[in-house]
Structure formats: C-alpha cells, structure tokens
Amino acid sequence: MSNERLTIAVQKSGRLSKESMKLLEACGVKFNIHEARLMAHSTSHPVDLLRVRDDDIPGLVMDGVVDLGLIGENVLEEERLERVIKQQPSGFSSLRRLDFGFCRLSVAVPKEEKYEGLQSLAGKKIATTYPRLLESYLEKQGIKARTVMLTGSVEVAPRAGLADAICDLVSTGATLEANGLVEEEVIFRSQVQLIQREEALSTEKQELVNKLLARLDGVQLAKE
Ligand code: PRP
Ligand code: ZN
Ligand code: MG
C-alpha cells in the first residue's frame with residue numbers, strides 16, 4: 001500500500017500541545033489545524049495527526065491504533081504499569097527523549113503536618129492521578145499507604161478531607177504553594193518521548209519515520 005499515511009498522536013490541548021506542533025513543523029511536517037477537528041492531514045507529507053487527550057496517547061500506540069505518539073513519560077509509565085497488571089498489550093519502542101515537557105511527580109503534604117520521611121506516609125491516604133506509579137514507588141520503599149484516585153483537582157484533596165497527602169505533577173511549584181502544600185518526595189522525573197508502536201510499519205512508513213528522525217536530530221542539535 002503506497003498511499004498509506006503515517007499517523008501520529010499528539011495532545012490536543014495542554015502543556016505539550018504547542019511544543020509538539022512546533023517540533024513537527026521544525027522537522028518540515030506542515031499542518032493546517034482546524035481547532036475543532038480530531039484529525040489533521042499534513043500538507044507536506046503523507047502524515048495524519050490525531051489530536052487527543054494526553055492520557056489516551058500511550059494506549060493508542062500500545063494497541064497499534066496509531067504509528068507514533070508524543071507523550072510525557074509520566075502518563076506513558078502509568079499506562080504501561082496499568083496494562084502490565086491487566087495483562088493487556090503494553091509494548092512500544094522509545095525513539096527519542098525530547099527536551100520539553102519537563103516535570104516531576106511528587107508527594108506533597110499540608111504545610112501544618114509534620115513530615116519526617118517516607119514512614120510518615122504509612123497508613124495515610126494519598127490522592128493521585130498516578131496510582132500505579134505511586135504504588136510501585138511505595139512498594140519498593142516498603143511503605144503501606146492507601147491511594148485515592150482523582151483525575152483532577154488533586155491539590156484540594158487534603159483540604160476537602162479526601163486524603164492526608166497528594167502525589168501530583170509539579171513544574172514551577174505554584175499550585176502546591178497556592179494550596180498550602182509542601183513537596184516532600186520526588187518519585188518520578190518526566191520529559192516527553194517520541195514512541196512508536198511495536199508492530200513493524202510498512203517499508204515506506206518506516207523510511208518516512210527514519211527521515212523524520214534524522215531531521216529531528218538535526219533540530220535538537222541546532223538547539224544545543
Ligand atoms: C499539573 C498538576 C498541577 C500543575 C502543577 O497539571 O496537576 O495542577 O501542573 O504545575 P506548577 O507546579 O507549575 O503549578 P497539568 O495541567 O500539567 O496536568 P495535565 O498534564 O493532566 O494536563
Ligand atoms: Zn479530513
Ligand atoms: Mg492530562
């Protein structure tokens with residue numbers, strides 16, 4: 001099939017969106033984006049963009065629904081751990097680590113609480129959007145705590161009485177500060193990765209990927 005198009009999943013709106021589009025453009029892949037549309041066809045290459053929620057990107061690649069994805073390692077590793085537990089497909093290949101989307105996943109506690117190391121979390125309730133990453137960290141450290149899954153507004157959980165602590169993404173620290181929380185443990189450091197589905201691509205598609213990677217390396221090098 002010579003008219004097959006390479007599909008790339010990117011975050012539709014959020015922290016990674018702008019940089020993801022800038023990166024593709026810097027590689028010479030041009031798009032006319034219609035804000036309301038899920039799909040965008042490249043005007044310069046046989047490439048289609050799938051604009052979705054970041055949380056959906058790892059699964060789309062692991063299920064082989066799209067060929068490539070640009071995704072933060074936090075979301076990627078959480079989905080991988082979840083799928084390993086559920087015995088669902090969790091394979092992918094990491095093509096490149098990219099120099100954007102830097103953040104850390106940290107445990108934070110209300111500033112009025114005394115914190116004396118990880119053992120302070122034993123038996124506590126911790127609210128997070130990343131239960132698998134948190135549980136695997138706590139298990140390795142030999143700490144037994146309960147995780148409370150929240151998909152948003154995690155930082156208000158302690159004040160709302162839903163949890164004793166939180167485990168959430170931190171970038172500038174402004175959100176923690178504004179909510180009277182203190183960052184105590186960094187459990188995962190994250191940046192963006194370009195990933196590819198595990199099942200082999202057609203020769204044409206793989207050649208295009210290789211060409212794009214060569215350009216990407218040129219772009220990254222020029223920035224250093
Ligand atoms: C994250 C996190 C905090 C905020 C922290 O949200 O949940 O709300 O960033 O950033 P700060 O330390 O600079 O205040 P984000 O919108 O990135 O979450 P998402 O990746 O789920 O969109
Ligand atoms: Zn279309
Ligand atoms: Mg998100």
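**Exercise 1.** Work out how far apart the centres of domain 1 and domain 2 lie, taken over C-alpha atoms.

*Solution.* The centres are 29 Å apart. Domain 1 covers 6-101 + 192-223, and domain 2 covers 103-190; these bounds come from an automatic or database domain assignment. Next, the contact: domain 1 puts in 8 residues and domain 2 puts in 9 residues, where contact means C-beta atoms, placed from the backbone, within 7 Å. On the domain 1 side, H3 supplies the largest share, 6 residues.

A quick note on the source: this is a predicted model, where local features need pLDDT of at least 70, side-chain atom pairs count only at pLDDT 80 or more, and totals for chains, interfaces and linings use all residues. Residues are numbered from 1 along each chain as its sequence is written, with chains lettered from A and ligands numbered from 1 in the order in which they are written.

**Exercise 2.** Find the strand order of the open sheet and its edges.

*Solution.* Start with the order: 6 strands run S2-S3-S1-S4-S11-S5, with mixed pairing. Strands are DSSP runs of E, at least two residues, and helices are runs of H or I, at least four, numbered from the N terminus; a pair needs at least two DSSP bridges. S2 (39-41) and S5 (93-97) each have a single partner strand, so one side of each lacks a neighbour in the sheet.

**Exercise 3.** Describe how S4 pairs with S11, and what lies across them.

*Solution.* S4 (68-72) and S11 (192-196) are antiparallel over 5 bridges. Gly72 sits opposite Val192 in S11. Helix H3 (73-86) lies across both strands, at about 105° to S4; angles run from 0 to 180 degrees between N-to-C directions of lines fitted to C-alpha atoms, for helices over the stretch in contact.

Conventions
Contact = placed C-beta atoms within 7 Å.
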